[in-house]
Amino acid sequence: MDTAVKQSFITEPARQIPQLLETDVIVVGGGTTGPFAAISAARQGKRVVLIERFGSLGGNLTLGLNTKPSGALVGGLPLEIWNLARSVGGAGPDYMAVVKNGGVKIASPCDPETMKMLLTRLCAEAGVQILFETVVSTPLMEGNTVAGVIIENKSGRQFIRGKVVIDCSADADIAVRAGAPFVMGSGGDAKTMQPVSMYFTMDHVDLVKLAAWSRTTDDVPARAIPDTEEGLAYGLWLTGFNKSLRKFQEDTGIKLQRDNITLKTADGRMYVNATRVTNVDVFDPVQFTNAVIECYRQIEGVARYLKERIPGFENARIEAIAPVLGVRETRHVIGEYTLTGEDSVKGPTFEDSIAADASALDIHDPKGADVDFQGLKPYEIPYRCLLPMQIEQLLVAGRCISADHDAHARSRNMPACMATGQAAGIAASVAIDEGVNVRKVSVAKVQEKLRALGMPLHGEEVKGTM
Ligand SMILES: Cc1cc2nc3c(=O)[nH]c(=O)nc-3n(C[C@H](O)[C@H](O)[C@H](O)COP(=O)(O)OP(=O)(O)OC[C@H]3O[C@@H](n4cnc5c(N)ncnc54)[C@H](O)[C@@H]3O)c2cc1C
């Protein structure tokens, strides 16, 4: 279908819509970030509504089958939840992965089903009102202040009034519709953004055989290979396969878009990150769908490659394909401060830091070349990165915070997303207590509360992550 044909329009008739709820804090998106914002605000005694378009929590972390935070979880609610997951067998110990510039500490992947249950339980225990299968269509504006959101679900359209809205939609849906400035990728179109991918899992993989082979090959240069059989359930992480993937493509004529793929285990299952589609405008429904179709084609090819070429996969089969396309990068909201690539590498001290983050740098070349994955010293994320310019009573958290394309290569990782979610929830709560706008909140008070949760705020407080 040609999407460039001349468009025609209709005018929707105006209609009255009812109010569903009135609350203190509205969190848009119950993915990797949103539950952390919601739980944090609710634990401070605020009424919180968390709105999620799918039927479970976790977004790319769970539904996307991503499961592995690319970095240590250094404190606060993210560490609390991971430790809870470990206590019920839903995550393993952290591990040190060998990468091209040395080592990087990685929090163990989690079992996504366990994580969905924990996120839901913690939200319920904190008193968060979750609304599943509900899409937030647009903000409710009063001048340049966000006064709530308009939602759409099987009941039709309704609105929810709230004192603060936290946009954790990953794509900054609400911030952008409210009129906040933003950039796409590194400042242009889909060609400037990291590519999309779709995860899948395989079971019946002989992990002992795979680990033994991995130790002997030079084709898997980035890796973590546990010493014990027990450790393989959550601790095997292998990145590379370039030579054998190229050979497979030459031999079979099957074109796969990546020369470099990642395999990792969670609860003994193999999670495969191996598909890639570049130059996708995910806001165009036809392009989005075509990318999903292309990922399915690649998944068939990659599964065949693994079964035919990699020891341990002989009896493996595809167990699950992520029901959501994994989108790495879209809009970056322009906030009061834009975190730069240099900030994320050099890690300067910010007075208004709300999190020290030890995520790896993880950048997939927008044009489809290799992946740059490196351990770097911890860096800090200023509160100002959560504050969109021009729009009041709105915070952004997760992968759409104010960070440039290079800084986003670190801040898009799940440890940073969870940390910004937590900080946004606390900041919203403090602003409501103080009766001030989130732009005027006492950052010192926010920091005090984050410290009380055990969250390090400055780089030098975080040790042993490289
Ligand atoms: C293929 C892939 C591999 C990755 N690998 C890693 C990795 O190994 N380690 C790592 O740390 N990071 C990795 N990342 C990055 C990381 O997973 C994401 O950047 C992070 O999960 C984003 O979190 P988020 O909360 O911003 O978005 P999401 O987790 O996508 O959550 C957004 C949520 O908002 C909901 N939503 C969106 N719009 C609306 C709306 N209008 N109304 C209601 N709900 C809405 C969505 O349904 C979703 O649940 C990877 C990303 C991809 C795509």
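Biologist: What am I looking at, and how are the residues numbered?

Modeller: This is a predicted model, where local features need pLDDT of at least 70, side-chain atom pairs count only at pLDDT 80 or more, and totals for chains, interfaces and linings use all residues. Residues are numbered from 1 along each chain as its sequence is written.

Biologist: Why is A172 called buried?

Modeller: A residue is buried if 20 or more other C-beta atoms, placed from the backbone, lie within 10 Å of its own; 12 or fewer makes it exposed, and in between it's partly exposed. A172 has 26 other C-beta atoms within 10 Å, so it's buried. You'll find A172 in the loop between β8 (156-167) and α4 (173-178).

Biologist: What is phi like at A172 and at Q393?

Modeller: A172 has a positive phi of about 60° although it isn't a glycine. Q393 isn't a glycine either, and its phi is positive, near 60°. Most residues other than glycine have a negative phi.

Biologist: How do you know that the length of α8 agrees with what a helix should span?

Modeller: The expected span is 1.5 Å times one less than the number of residues. Helix α8 (residues 285-309) has 25 residues, so it should span 36 Å, and its end C-alpha atoms are 36 Å apart, which agrees.

Biologist: Which residues of α8 are buried, and what do they pack against?

Modeller: A291, C295, Q298, I299, V302, Y305 and L306 are buried. The buried residues of α8 pack against elements including α7 (242-252) and β13 (261-266).

Biologist: Which domains is the protein divided into?

Modeller: Domain 1 (19-99 + 107-190 + 330-461) and domain 2 (195-321), with bounds from an automatic or database domain assignment. Their C-alpha centres lie 28 Å apart. Counting a contact as C-beta atoms, placed from the backbone, within 7 Å, 26 residues of domain 1 touch 25 residues of domain 2. On that side of domain 1, β3 gives the most, with five residues.

Biologist: Which domains supply the shell around the ligand?

Modeller: Domain 1 and domain 2 each give at least three residues to the shell.

Technical notes. Helices (H or I, at least four residues) and strands (E, at least two) are DSSP runs, numbered from the N terminus. Two residues are in contact if their C-beta atoms, placed from the backbone, lie within 7 Å.
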